[in-house]
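Please look over the sequence and the model below before reading on.

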Amino acid sequence: MLINIHCAKCIGIDAVPVTVEVDIATGIGIHLVGLADAAIKESLLRTITSLQSMGFKIPGRKIVINLAPADMHKKGSGYDVPIALGIIAASGQRDLPLLKDFMIMGELGLDGSVREISGALPIAELAARDGLKGCIFPVISAYEAAEYEGIDIYGVKTLEEVLSILSGEEFSEHLLIRNQLGKSAETRDAQRREEDICDKAYMDFSEIIGQDGAKRGIEIAAAGNHNVILLGSPGSGKSSLAKAMAGILPKMNLEESLQTSKIYSVAGLGNTNGGLMRTRPFRSPHYSASVAALIGGGSDNIMPGEISLAHNGILFADEFCETPKRVLEMLRAPMEDRRVTISRLKSKVEYPADFMLVAASNPCPCGYWGEGDRCTCTPSKRLAYIGKLSGPIMDRIDVQLWVSRVDARKLMHRRPAESSAVIAARVLRAREIQMKRFAEENARTGDTGRKIFCNSAMDNRQIEKYCPLTAECKSILEQIIERFGLSARACTRIIKLARTIADLAELPDILPEHISEAAGYRFLDRQNIFE
């Protein structure tokens, strides 16, 4: 008897269908085919032991298990439960009339328990698209897809619970994940309050003394999702400003939340508290991180790296100039394209990487250049140190901030400063202006197109449409380009930054002062500044 079970495999943040076919015929032995990796081949022993511990019999006949399509590599332990169900149904030990209606994934323990798998959210999306009735996942994995609508998500802890669902037993309704979470209005409100409390763990801008100019630059960068670099001596507040920046970013909209949650689900880092991620990610890899850790990689199973885990959020790169030059240069394409394509001999995967780079660095090896006569570095050492940041990298960083040491008088006589909540309100208003601006653009792209939510993501055509310049603005920009020898990319980024400054002021047009302020944040483009 041939039995088919719906499964899936994740390629990037999208799932593709996989069918587990089980047939029992005359003969002897258990045969697993379909380009399975070692973890799946080992699943036969796990599955047989688990079935025997639950009182099921292993037929003394030929059992053929095929993972279709046969020309695609399958990896992981998530096919344990489908294989076990196929053996049970094909041998006639249980009647499972609903087997064809569900997408089923899970790893089996030797005692019949079901353990979590990665990628539950994109798999649930595939099941809904294919018109299946529901998904059956391990309970922890099912929490990731708790808010996905249009399909039933069941969370199970044992294989016996899976069998009760597929048998159509009425009392299996309590296994629906929405029933387990109790998604009442009160529960949702409590979860939102808990997320707000977590947000308060970030440093508040009111706690940072001085640095008014740097705070202004950080606010502009947050409003338009622009890349920013902070240069200054040790202890000047670079890391504090970067961490406080996370507290002024608005919550993700549904589309951003779904895409970011899918990345974390594929990486095995999904929201096990239930539902989609709402708070923007803040990733802070060490400067010694490898290319694969930063960009993503693997052999058959290509996993997302730090730049994709920071999608729609912040990638904080502390000690930026200490990062190996090869790793720095690998950031160039993702910063421009806002996605990363990882190619291997037999596979190619694309992950979103629309992150905001927040880099922090000392200006020289000793760290004290610009602080009176404390610097002990020669001009050649300073140039060699900052020279690790190539022109193409600096072209892609819109906001360049100098963070000076705070004056002793300000430290001792502290004045009240704006809180993160006040700044966050201005950032949110600017983001809402941008969302309205690009609403028509996003509607035309449809579900499969690349959406644009912030000014920093505009291409040349959109800059022409949404950032018209007056004759006076063009004259000022032309003088700036000639004076500092800026590239065409730097020019377009100044225009995008000026658009964000105008949005913060809630003005419909870019004014000359916006162009001047935007250009002022590119001081590293000036020649011989570190000599």
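A cavity here is a set of grid points where a 1.4 Å probe fits but cannot get out, and its lining residues have an atom within 4 Å of a point. The model is a predicted one. Rolling a probe the size of a water molecule over the atoms shows where empty space is left. In this structure the count comes to three cavities of 30 Å³ or more.

The second largest cavity has a volume of about 70 Å³. Its lining is made up of Asn225, Glu256, Arg280, Asn312, Asp354, Arg431, Lys451, Ile452, Phe453, Cys454 and Ala457. By class, five of these lining residues are charged, four are nonpolar and two are polar.

What volume does the largest cavity hold? About 100 Å³ of space lies in it. Pro285, His286, Tyr287, Ala289, Leu294, Leu315, Ala317, Asp318, Phe320, Thr323, Val327 and Leu331 form the lining of the largest cavity. Nine residues of that lining are nonpolar, two are polar and one is charged.

Phe320, one of the residues lining the largest cavity, also belongs to the largest nonpolar core, where Leu85, Phe137 and Phe320 are the residues with the most contacts inside the core. This core has 106 residues. Helix 2, residues 80-90, supplies the largest share of the core, namely eight residues. With neighbours within four places in sequence left aside, Phe320 is in contact with Ile229, Leu328, Leu331, Leu357, Ala359, Ala360, Ser361, Leu389, Ile393 and Ile397. Another core, of 55 residues, lies apart from the largest one, and Ala222, Met245, Ile248 and Met356 are among its members.

The protein chain has 22 helices and 18 strands. Its C-alpha trace spans about 85 × 50 × 50 Å along the principal axes. Of its 531 residues, 53% count as buried. Taking contacts in the chain between residues at least 6 apart in sequence, 74% join residues at least 24 apart.

Turn next to the cysteines. A disulfide is a covalent bond between the sulfur atoms of two cysteines. How many disulfides does the structure hold? The number is zero. The cut-off for a disulfide is a pair of cysteine sulfur atoms within 2.5 Å. Cys135 is likewise in no disulfide, since the nearest cysteine sulfur, that of Cys7, is 11 Å away. Is Cys7 buried or exposed? Cys7 counts as buried because its relative accessibility is 1%, under the 20% limit for that class. Cys135 is buried too, with a relative accessible area of 0%.

Several other places show how single residues and elements sit in the chain. Val64 belongs to strand 4, residues 62-68. With a relative accessible area of 28%, Val64 is partly exposed, because that class runs between the buried limit of 20% and the exposed limit of 50%. Residues up to four places away in sequence not being counted, Val64 touches Glu21, Val22, Asp23 and His31. Val64 and Leu32 are 32 residues apart in sequence, and their C-alpha atoms are 6.2 Å apart in space.

Helix 5, residues 159-166, is mostly covered, as six of its eight residues are buried. The buried residues in helix 5 are Leu159, Val162, Leu163, Ser164, Ile165 and Leu166. Just after this helix, Gly168 takes a positive phi of about 80°.

Ser261 is placed in helix 10, residues 254-266. A relative accessible area of 6% makes Ser261 buried. Not counting residues up to four places away in sequence, Ser261 touches Leu121, Leu276 and Met277.

His514 is found in helix 22, which covers residues 512-520. His514 is buried, its relative accessible area being 6%. Beyond neighbours within four places in sequence, the contacts of His514 are with Ala498, Ile501, Ala502, Leu507 and Asp509.

Note on methods: Residues numbered from 1 in each chain as written. Predicted model: local features only at pLDDT ≥ 70, side-chain atom pairs only at ≥ 80, totals over all residues. Heavy atoms only, no water. Core = buried A, V, L, I, M, F, W, Y, C linked by side-chain atoms within 4.5 Å. Buried < 20%, exposed > 50% of the residue type's maximum accessible area, 1.4 Å probe, protein only. Helix = DSSP H or I, 4+ residues; strand = E, 2+ residues; numbered from the N terminus. Contact = heavy atoms within 4.5 Å. 1 Å grid on protein atoms, 1.4 Å probe; cavity = no way out; pocket = protein on both sides within 12 Å on 5 of 7 lines; lining within 4 Å. Points joined across faces, edges and corners; volume = space filled by probe spheres on them. Nonpolar A, V, L, I, M, F, W, Y, C, P; charged D, E, K, R; others polar.
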